[in-house]
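Please examine the sequence and the structure shown here before reading on.

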Amino acid sequence: MCSNLQIGRWPDRFFLNSIHHTVEADHRSGNREGCLRGTRRDVFLQLEDWLEDKQGQNVFWLNGIAGTGKSTIAQTFAEICFADGNLGASFFCSRESDDRSNIQLIFPTLAFQLAHSYPRFREGLLKLLWTNPDVGQESPCSQMEKLIVGPLKETQIQTLIIIDALDKCEDQGTRSAILSALSEHVDQIPNVKFFITGRPANVVLSGFRLPSLHPVTRMFRLNGVERSLVDNDIKLFLRTRLTGIAKDYNIQKDWPSLHDIYILCWNARQLFSYASTFIKFVSSQHYHPTKRLAVITTLPQNATLKRMSETELLQVLEKAFIMGLFAGGTYGKSNSQDAGTGWYRYGSEIRKNGMGN
Ligand SMILES: Nc1ncnc2c1ncn2[C@@H]1O[C@H](COP(=O)(O)OP(=O)(O)O)[C@@H](O)[C@H]1O
Ligand SMILES: [Mg+2]
């Protein structure tokens, strides 16, 4: 992405690059994939409606527990809006990166990107930086006022700003400092829309309850979406990915079966993160996908009841697979009792001892 502004005179570039920002956080950085086409229609219809409604609320908060698909939706929304010329800036927070979880970097990074997107914004920001070079050290509230609101107010630019996974940025307070800043200033920039995603963690919830933020926020709860809609999306995802794998391995046409998809979807428990972990597991380079799939379709019914991270789930599946091999289970046979030997043993181990980590 815009690691170095190639535009303007060198003193301008020098000043802009002097903002303490990160180049890792925007939607073009990293290797996040967007939504599979055809999934999440309900969310995108609402987002389209919100974006086009110029008189409506300025903030959209997409919330849901981990693994429900928030970041993937944010990625696709950013790509669509970027292609349409509507995206001003984006910041995808992540605990795996110091910079992407640093609350002090959010507004400077958004300002840096806005300067790249809009020459008029850049002029306003440069003026501010000449007189205020240390603004990056100030509180998020003051940063927002000076770096974002000032130049946007002056230029009346109409744009969209995306912040993904707000709950993943380090915030020592009991209320999100980013949301407090937003609540102070959002009414001064009515042409700007903010799309924010995150788990409904207390620090975020209390921010959205602020009297000046609450009325201007439209909320969408991914966990509130009708189960059949989520299941249909997950089935479409599983079928598409497994059919791709079947082609790569030249597997017979009736694999995966409808029953396989049904069981996988049931085991995913409305979590896209589980469904995508199943696909990662099945598409191993070392074993045949049909044998790997049989491990998941013979999971004990309550195997995923205890919430696991994607890494934990993958470990559980790998262990079950290996135990199945040692127990002489021949995964992939039509006899599911035989196929499940190792897993059943491991499943009862989990029930007795927890995850064992
Ligand atoms: N609509 C979708 N289409 C395809 N894959 C998806 C979709 N939603 C989520 N995923 C996959 O599921 C996993 C978890 O999704 P993610 O967006 O990271 O969840 P969250 O941000 O809510 O924790 C990711 O690996 C992602 O690729
Ligand atoms: Mg996420």
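## Terms and overall make-up

Helices (H or I, at least four residues) and strands (E, at least two) are DSSP runs, numbered from the N terminus. This is a predicted model, in which local features need pLDDT of at least 70 and side-chain atom pairs count only at pLDDT 80 or more, while totals for chains, interfaces and linings use all residues. Residues are numbered from 1 along each chain as its sequence is written, and chains are lettered from A and ligands numbered from 1 in the order in which they are written.

The protein contains 15 helices and five strands. Of its 357 residues, 41% are buried; a residue is buried if 20 or more other C-beta atoms lie within 10 Å of its own, exposed if 12 or fewer, and partly exposed in between, with C-beta atoms placed from the backbone. Two residues are in contact if their C-beta atoms, placed from the backbone, lie within 7 Å. Among contacts with a separation of 6 or more, 77% join residues 24 or more positions apart.

The shell around ligand 1 holds 17 residues, of which Cys35, Gly69, Ser71, Thr72 and Phe272 come nearest. A residue is near a molecule or strand if its C-beta atom, placed from the backbone, lies within 6 Å of it. Helices α3 (70-83) and α11 are the elements that give two or more residues to this shell.

By class, the shell around ligand 1 divides into five nonpolar, nine polar and three charged residues. Here Ala, Val, Leu, Ile, Met, Phe, Trp, Tyr, Cys and Pro count as nonpolar, Asp, Glu, Lys and Arg as charged, and the others, Gly among them, as polar. Domain 1 (10-224) and domain 2 (227-353) each supply at least three residues to the shell; the domain bounds come from an automatic or database domain assignment.

Helix α11 is mostly covered, with nine of its eleven residues buried. The buried residues are Phe272, Tyr274, Ala275, Ser276, Thr277, Phe278, Ile279, Phe281 and Val282. Their cover includes α3, α9, α10, α12 (289-297) and α13 (310-326).

Helix α9 (residues 227-249) packs against α11 (residues 272-282) at an angle of about 10°, with the axes 10 Å apart. Axes are lines fitted to C-alpha atoms, for helices over the stretch in contact, and angles run from 0 to 180 degrees between N-to-C directions. The helices α9 and α11 are therefore roughly parallel to each other; angles under 35 degrees count as roughly parallel, over 145 as roughly antiparallel, 65 to 115 as roughly perpendicular and the rest as oblique. On the α9 side the contact is made by Ile234, Phe237, Leu238, Arg241, Leu242 and Ile245, and on the α11 side by Phe272, Ala275, Ile279 and Val282. Nine of these residues are nonpolar, none is polar and one is charged.

An α-helix has 3.6 residues a turn, so residues three or four places apart point the same way.

## The pair α4 and α6

Helix α4 (residues 103-117) and helix α6 (residues 140-155) cross at roughly 5°, and their axes come within 9 Å. They are therefore roughly parallel to each other. Ile103, Ile106, Phe107, Pro108, Leu110 and Ala111 of α4 meet Pro140, Gln143, Met144, Leu147 and Ile148 of α6. This contact has ten nonpolar residues, one polar residue and no charged residue.

## Individual positions in helices

Val203 lies in helix α8 (residues 202-208). It counts as buried because it has 20 C-beta neighbours inside 10 Å. Not counting residues up to four places away in sequence, Val203 touches Asp167, Asp171, Gly173, Thr174, Arg175 and Ser176.

Ile263 belongs to helix α10 (residues 258-268). With 18 C-beta neighbours inside 10 Å, Ile263 counts as partly exposed. Its C-alpha atom is separated by 8.2 Å from that of Ile296, 33 residues apart along the chain.

## Backbone features in loops

The loop between α9 and α10 contains Pro256, and the peptide bond from Trp255 to Pro256 is cis, with omega near -5°. Asn250 lies in the loop between α9 and α10 and has a positive phi of about 55°, although it is not a glycine. With 6 C-beta neighbours inside 10 Å, Asn250 counts as exposed.

Ala165, in the loop between β3 (159-164) and α7 (177-185), has a positive phi of about 60° although it is not a glycine. Ala165 is buried, with 22 other C-beta atoms within 10 Å.
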